[in-house]
Amino acid sequence: MDFFFKKNSVAITFIVVIIGMALAIAGQLIATPSQISISTLIANFGAFVALIGSMNLFYELFTRRQFMHEVRDNVIGSLNIRVSGLTDFTPDSVKYDFNKEILQSRKITLVFNFSSRFLRDYHATLKTFLTRGGEIELFVLKEGGQSTNHMVQMGYDKSFLDSNYKKLHSTIESFKEFKTNIKTTYVDVNIKYAAILFDNIGFMILSTTAPHRTHVPLLKFEKPGTIWDFVSEDIRRLGE
């Protein structure tokens, strides 16, 4: 059916171009008194019709398919993003300010390998959050487990890991007055990404495969959404 309409549209456009050209030629051949200039009007009108018809013919033959494909791809892409719940992207996760999300939440779920940076960077804000009755659930790699040993085999400096765990334990200890509000679970699995879940907003911090420093991107997503479902279910299984 689409082919039928397209074929007819091209045929009609082609006829319009022919008529326009015929009028333009006829206008040049008709001899009329100069003060009336009917021939000039006919020639100009024919040229105009031929030009419009040619542009439409070019669109039908060469541009329409590409235009419709671009529209379709944009619509589908926008729909997929909306369903996923993805709302923002930050090239460098360190530059994002989490203070607003912390103070507006009732519970925060954190998944990190061994980093204590979030707890240290937002130490004061997190204490305010805990004072208000907020809860923190923290998942980190078990020190000296198979996963950390595997990281050393991959090239991570053991002294680097030991230093980070020392900072982590010290930071957790600094919240000891709120120990009933903080649940820490040590897991011995390969954590493939870092995640921060607030009440209805989540963040996924991508990880590098090789042991080197770089700017790590941050994905922001909301609930409901397929990314939220994936991360929350992954964390639930992590705590089993």
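Me: Is Glu173 buried, partly exposed or exposed, and at what relative accessibility?
Reply: In this predicted model, Glu173 forms a salt bridge with Lys176, their closest N and O atoms being 3.9 Å apart. Glu173 falls between the limits of 20% and 50%, so the residue counts as partly exposed, at 46%.

Me: Which residue forms a salt bridge with Asp121, and how far apart are the closest N and O atoms?
Reply: Asp121 lies in helix α4, and four residues away, about one turn of the helix, lies Arg117. Asp121 is partly exposed with a relative accessible area of 45%, and Arg117 is likewise partly exposed, with a relative accessible area of 40%. The salt bridge of Asp121 is formed with Arg117, the closest N and O atoms being 3.1 Å apart.

Me: Which residues are linked with Glu233 in a network of salt bridges?
Reply: Glu233 and Arg236 are three residues apart in helix α8 (residues 226-238), so about one helical turn separates them. Their closest N and O atoms are 2.6 Å apart, and the pair forms a salt bridge. Arg236 is partly exposed with a relative accessible area of 44%, while Glu233, also partly exposed, has a relative accessible area of 30%. The network that includes Glu233 links this residue with Arg236 and Arg237.

Me: How many salt bridges does the count come to?
Reply: A pair is counted when a side-chain nitrogen of Lys or Arg is within 4 Å of a carboxyl oxygen of Asp or Glu. Among the pairs described here, Lys176 and Glu173 form a salt bridge at 3.9 Å. By this rule the count of salt bridges comes to nine.

Me: Within what arc do the buried residues of α5 fall, seen down the axis?
Reply: Helix α5, spanning residues 123-131, has Thr125, Leu126, Phe129 and Leu130 as its buried residues. Seen down the axis of α5, these residues line one face of the helix, because they fall within an arc of 135°.

Me: Which exposed residues does α5 carry on the face turned away from its buried side?
Reply: The buried residues of α5 are covered by elements that include α3 (99-103), β2 (107-111), α4 (117-121), β3 (135-141) and β4 (182-187). On the face turned away from that buried side, the exposed residues are Ala124 and Thr131.

Me: Which residue takes a positive phi just after α5, and of about what value?
Reply: Helix α5 covers residues 123-131, and the residue in question follows just after this helix. The residue with the positive phi is Gly133, at about 100°.

Definitions and conventions:
Residues numbered from 1 in each chain as written. Predicted model: local features only at pLDDT ≥ 70, side-chain atom pairs only at ≥ 80, totals over all residues. Heavy atoms only, no water. Buried < 20%, exposed > 50% of the residue type's maximum accessible area, 1.4 Å probe, protein only. Helix = DSSP H or I, 4+ residues; strand = E, 2+ residues; numbered from the N terminus. Arc of directions from axis to C-beta. Contact = heavy atoms within 4.5 Å.
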